[in-house]
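Dear colleague,

I am passing on the structure we spoke of, and I would be glad if you could look through it alongside the notes below.

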Amino acid sequence: ARVWDLLWQVVDCPVLDQAVKPVMHPALRKALLDIENHLDQAFSVKDLAKSSGVSHNQLIRLFRKELDVTVVAYIRERRLRRAAHFLRHTNMPIKQIAVDVGIPNLQHFNHVVNKAFGRSPSAIREVGETSV
């Protein structure tokens with residue numbers, strides 16, 4: 001599972017994709033790397049800002065300006081994309097996937113996946129579709 005996680009980060013990490021955003025504020029780059037490296041953990045925007053060396057408000061402004069999204073929405077999107085990747089490409093138990101993407105409550109995980117993708121985690125796994 002850890003190998004899949006590392007491969008996923010290399011392939012699907014916007015911080016590493018210089019074609020998408022060749023010039024990025026260093027604090028934003030640090031925040032994005034921290035998010036990718038700690039998706040399985042609970043953290044606040046305040047914690048993320050502190051580790052990036054900027055204020056909470058500055059980090060929010062950087063996300064809005066350079067990515068056109070809120071910090072919380074970005075974190076949620078990354079967690080869901082990682083979950084979808086694990087569901088399609090691994091045979092990890094769904095409970096373990098939920099923990100690995102930072103949503104350890106299985107009922108809540110099922111709810112947010114269903115809301116985001118219009119189907120349950122097990123249905124995503126069965127279909128194995130690539131459009132998720």
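This is a predicted model: local features need pLDDT of at least 70, side-chain atom pairs count only at pLDDT 80 or more; totals for chains, interfaces and linings use all residues.

Of the 132 residues in the protein, 38% are buried, and the protein exposes about 7600 Å², of which carbon and sulfur atoms supply 56%. Among contacts with a separation of 6 or more, 54% are between residues 24 or more positions apart.

As for the helix pair, the axes of α5 (residues 71-89) and α7 (residues 106-117) come within 11 Å and cross at roughly 95 degrees; this angle falls in the range of 65 to 115 degrees, and the two helices are therefore roughly perpendicular to each other. On the α5 side the contact involves Leu80, Ala83 and Ala84, which meet Phe109, Val112, Val113, Ala116 and Phe117 of α7. By class, this contact comprises 8 nonpolar residues, with no polar and no charged ones.

The residue is Ile35, which lies in helix α2 (residues 26-37). Ile35 has a relative accessible area of 0% and is therefore buried, the cut-off being under 20%. Leaving aside residues up to four places away in sequence, Ile35 touches Phe43, Leu48, Phe63, Tyr74 and Ile75. Ile35 and Arg78, although 43 residues apart in sequence, are 8.4 Å apart in space, C-alpha to C-alpha.

Definitions and conventions: Residues are numbered from 1 along each chain as its sequence is written. Side-chain values use heavy atoms; hydrogens and water are left out. Axes are lines fitted to C-alpha atoms, for helices over the stretch in contact, and angles run from 0 to 180 degrees between N-to-C directions. Helices (H or I, at least four residues) and strands (E, at least two) are DSSP runs, numbered from the N terminus. Angles under 35 degrees count as roughly parallel, over 145 as roughly antiparallel, 65 to 115 as roughly perpendicular and the rest as oblique. Contact means heavy atoms within 4.5 Å. Ala, Val, Leu, Ile, Met, Phe, Trp, Tyr, Cys and Pro count as nonpolar, Asp, Glu, Lys and Arg as charged, and the others, Gly among them, as polar. Buried means under 20% relative accessible area, exposed over 50%, partly exposed in between (1.4 Å probe, protein chains only). Accessible areas come from the Shrake-Rupley method with a 1.4 Å probe; for residues, only the protein chains shown count as cover.
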